[in-house]
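Hi,

Here is the structure I promised to pass on. Have a look at it, and below you'll find my notes on what turned up.

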Amino acid sequence: MADENKIYVTASPHFISGATTQRIMLAVIIALLPECVYGVIVFGIPALITILTSIASAVLWEILFQKIIKKPNTVGDLSAVVTGILLALVVPPTTPFWQVILGTGFAIIVAKGLFGGLGANVWNPALTGRAFMFVSFPIAMGQSWKEPFADVISSATALSQIKSGAFVADSETYLQFFLGNRAGCIGETSILLILISCLFLLALRVIDWRAPVTMVGSVALLTWLTGGDVLLAVLSGGLLFGAVFMATDYTSAPVTGPGRLIFGAGCGVMTFLIRTYGGYPEGVMFSILIMNSVAPFLNKITGRMYGYGRQHKKTEAAK
């Protein structure tokens, strides 16, 4: 039992909950299982190898790093497993295994470990690892895509074709995108499964609805205002996956309700701007990482000011 007369200084976020870190991470792992299974069904053995390599290397990197800095082993909290799964699901199934290992190393050591470990990281570790891979290996990460249920490699995703004006969707296209019959990253293709996972996490109160809803909603609204295809904008790319699993990260996203609303809206606006006017067809990764940087500021301006309560405000108003 903690001594009530002592002050414990730890990394944010701070909240009272009956759930342990391990239980929260286990819930996220369970929510991600349908995307993993479907990814293997759609993309075959390469997807399975990528997922297993990512999980194993993430766990081993964490063990190695903690051993080097002589810290207690925290692999049991399952956060490294979650990082490994998330990273695997946001890369193409044909990504070379050694690149995946380097990506998990960057995620676990640089984005997480060097900042003090779980709860102290500024940016989402999995997305930071993906950003490292995207910059270091652009061909493998953005120019080689495996078609579903086939060994055919496509040179462009739907987002790339949309950006160039060479893609027109119909009702059949929307259905296929919703079910997940399209080229893309391992876990981002099936919108149906992502929505099911989202409802599961919301029911368990593991994630909050604010950031996902405002992120997707702002993309949809801006697409509609500019005359674009709203359904295609929402169903394509990694928008839904990023909104559900990345924008809801406990550490790198705001902890306040208003802060999460602003955070999600900011992610959506930047995703739209990058997709429409930027040099890349997809903007989810960069938008979330940018908003991660301002999350502490959002907490500050939208959070409760301890020591400055209601009575103090009345006193100030009376002066």
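R275 is buried, at a relative accessible area of 10% (buried means under 20%, exposed over 50%, and partly exposed in between, with a 1.4 Å probe and protein chains only). Its side chain meets that of E282 in a salt bridge, 2.9 Å from N to O; the term needs a side-chain nitrogen of Lys or Arg within 4 Å of a carboxyl oxygen of Asp or Glu. E282 is partly exposed, with 21% relative accessibility.

Before you go further: this is a predicted model, where local features need pLDDT of at least 70 and side-chain atom pairs count only at pLDDT 80 or more, while totals for chains, interfaces and linings use all residues. Residues are numbered from 1 along each chain as its sequence is written, and side-chain values use heavy atoms, with hydrogens and water left out.

Some background on the whole chain. It has 15 helices and two strands, taken as DSSP runs numbered from the N terminus (helices are H or I with at least four residues, strands are E with at least two). Of the 319 residues, 48% are buried. Among contacts with a separation of 6 or more, 74% are between residues 24 or more positions apart; a contact here is heavy atoms within 4.5 Å. The chain exposes about 16,100 Å², and carbon and sulfur atoms supply 67% of that (areas are Shrake-Rupley with a 1.4 Å probe, and for residues only the protein chains shown count as cover).

Back to the charges. Searching the whole structure gives four salt bridges. One of them joins E62 and K112, at 2.7 Å from N to O, and this pair links distant parts of the chain: E62 is in helix α2 and K112 in helix α4, 50 residues apart. What about their burial? E62 is buried at 3%, and K112 is buried too, at 6%. Then there is D208 with R210, whose closest N and O atoms are 2.6 Å apart. D208 is buried at 18%, whereas R210 is partly exposed at 25%. Those two also belong to a salt-bridge network with R260.

Now the rings. The structure holds seven aromatic pairs, meaning Phe, Tyr or Trp rings (the six-membered one for Trp) with centres within 6.5 Å; planes under 30 degrees apart are stacked, over 60 edge-to-face, and the rest tilted. W98 and F137 make an edge-to-face pair, 5.3 Å centre to centre with 80 degrees between the planes. W98 lies in helix α4 (residues 97-112) and F137 in the loop between α5 (125-136) and α6 (138-142), 39 residues apart. F137 is buried at 14%, but W98 is partly exposed at 43%. Ring pairs also tie W98 and F137 into a cluster with F106 and F132.

Which element gives the most to the nonpolar patch? That is α2, with four residues. I45 sits in that helix and is exposed at 54%.

Cheers
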